[in-house]
Amino acid sequence: MTVGGDASNRNFATMRATAIGCVALALWSALALLTTAAGAVPPFQLTAMTFVLAALLAVGKWLLRGEDPRAHLRIPVAAWALGVGGLFGYHALYFAAFARAPAVDVNLITYLWPLLIVLFAGLLPGERIATRHVIGACLGLAGVAVLTGAGARFDPRFAEGYALALACAVVWAGYSTLSRRFGDVPTDAVGVFCAATALLAFVTHLLVEETRWPGAAAWLAIVLLGLGPVGLAFYVWDHGVKRGDEGECGADHGRDLLLVARRPACGSANAMTRQTTKFVLHLAPVSPNLKAHRPKTIPERSARYARPSAHPA
């Protein structure tokens, strides 16, 4: 195969991985809405319940393929720390922020993570920040400013919730950026991280919270959270940031935020309609923007972390 053909195949693989990663953005657009619908379930209890479902997605896949789940525990210590710290840290902070500040404000502040990803990604060896990445991320920041300025004023009573939401953005941006350094760790490891996160959240819940069981409607929201925004989203996002264009994912989500900047609506009757529109609009700029920026090639998985079965990746 010619050099040009190899480059074309690599570019297509990057585009495909980025598109897969962007599926997570659609799922996360419902995160705030479903979290609010989950009701008064304590933050760590909610984290444990949703991440159990997220882990079961991977376990179900392994069992269907005849794989031994224990084989997926062979993960570097640094990857364990990043995966569990990122998932547990982010969601514990996220749900705690929702319990301490208005949902709209929390959701907007956490949406600073696309800007942070673009900036953090440029600091990695072999990476660079493209102009359109900065523009897209800054549009996201502008969206946050418009929304918070037009929809609400900073209320000192919710300062703790705002601080937790900001910490969410930093933790998630750091997790997403550093995940690229572990390109040889398969995405199936996310299932292990989800299980560990659920265990940590459950222990923390027993120590600091009082158990509150949700009603029927809240149960539905929790199941949808565990299967979507706190489930499948992490698997496709991991694939996207490791094999695709991480800066593009962050920039695209930043542009999306500005599209809904004039209509904050978490918890309103029209929220899901606007979130769906947001998803459709964000898909359009993905493909044509990928050619100009090619991230460094991620090496193929090493034999140490290869799948324990003969099924294709």
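A crossing of two helices is left-handed if the near helix is turned anticlockwise from the far one by less than a right angle, and right-handed if clockwise. The legends below use this term.

The model is predicted, so local features need pLDDT of at least 70 and side-chain atom pairs count only at pLDDT 80 or more, while totals for chains, interfaces and linings use all residues. Residues are numbered from 1 along each chain as its sequence is written, and side-chain values use heavy atoms, with hydrogens and water left out.

**View 1. Overall fold of the protein.** The protein has 12 helices and zero strands, where helices (H or I, at least four residues) and strands (E, at least two) are DSSP runs numbered from the N terminus. The pattern along the sequence is α-α-α-α-α-α-α-α-α-α-α-α. Contact means heavy atoms within 4.5 Å. Among contacts between residues at least 6 apart in sequence, 90% join residues at least 24 apart.

**View 2. Crossing of helices H4 and H9.** The axes of H4 and helix H9 (residues 189–208) come within 9 Å and cross at roughly 55°. H4 is therefore oblique to H9. Axes are lines fitted to C-alpha atoms, for helices over the stretch in contact, and angles run from 0 to 180 degrees between N-to-C directions. Angles under 35 degrees count as roughly parallel, over 145 as roughly antiparallel, 65 to 115 as roughly perpendicular and the rest as oblique. H4 passes H9 in a right-handed crossing. On the H4 side the contact includes Trp80, Val84 and Phe88, and on the H9 side it includes Phe193, Leu200 and Thr204. By class, this contact of H4 with H9 has 11 nonpolar, three polar and no charged residues. Ala, Val, Leu, Ile, Met, Phe, Trp, Tyr, Cys and Pro count as nonpolar, Asp, Glu, Lys and Arg as charged, and the others, Gly among them, as polar.

**View 3. Crossing of helices H5 and H8.** The axes of H5 (residues 103–110) and H8 come within 8 Å, with a crossing angle of roughly 30°. The two helices, H5 and H8, are therefore roughly parallel to each other. H5 passes H8 in a right-handed crossing. Asp105, Val106, Ile109 and Thr110 of H5 meet Tyr162, Ala165, Leu166, Cys168 and Ala169 of H8. These residues divide into seven nonpolar, one polar and one charged.

**View 4. Aromatic pairs.** Rings of Phe, Tyr and Trp (its six-membered ring) pair if their centres lie within 6.5 Å; planes under 30 degrees apart count as stacked, over 60 as edge-to-face and the rest as tilted. The count by this rule is 16 aromatic pairs. The ring centres of Trp28 and Trp172 are 5.4 Å apart and the planes stand at 90°, so this pair is edge-to-face. Trp28 belongs to helix H1 (residues 3–28) and Trp172 to helix H8 (residues 159–179), so the pair ties together parts that are 144 residues apart in sequence. Both Trp28 and Trp172 are buried. For Tyr90 and Tyr94 the centres are 5.6 Å apart and the planes at 25°, so the pair is stacked. Tyr90 and Tyr94 both lie in helix H4 (residues 77–98), four residues apart, about one turn of the helix, and both are buried.

Methods. Buried < 20%, exposed > 50% of the residue type's maximum accessible area, 1.4 Å probe, protein only.
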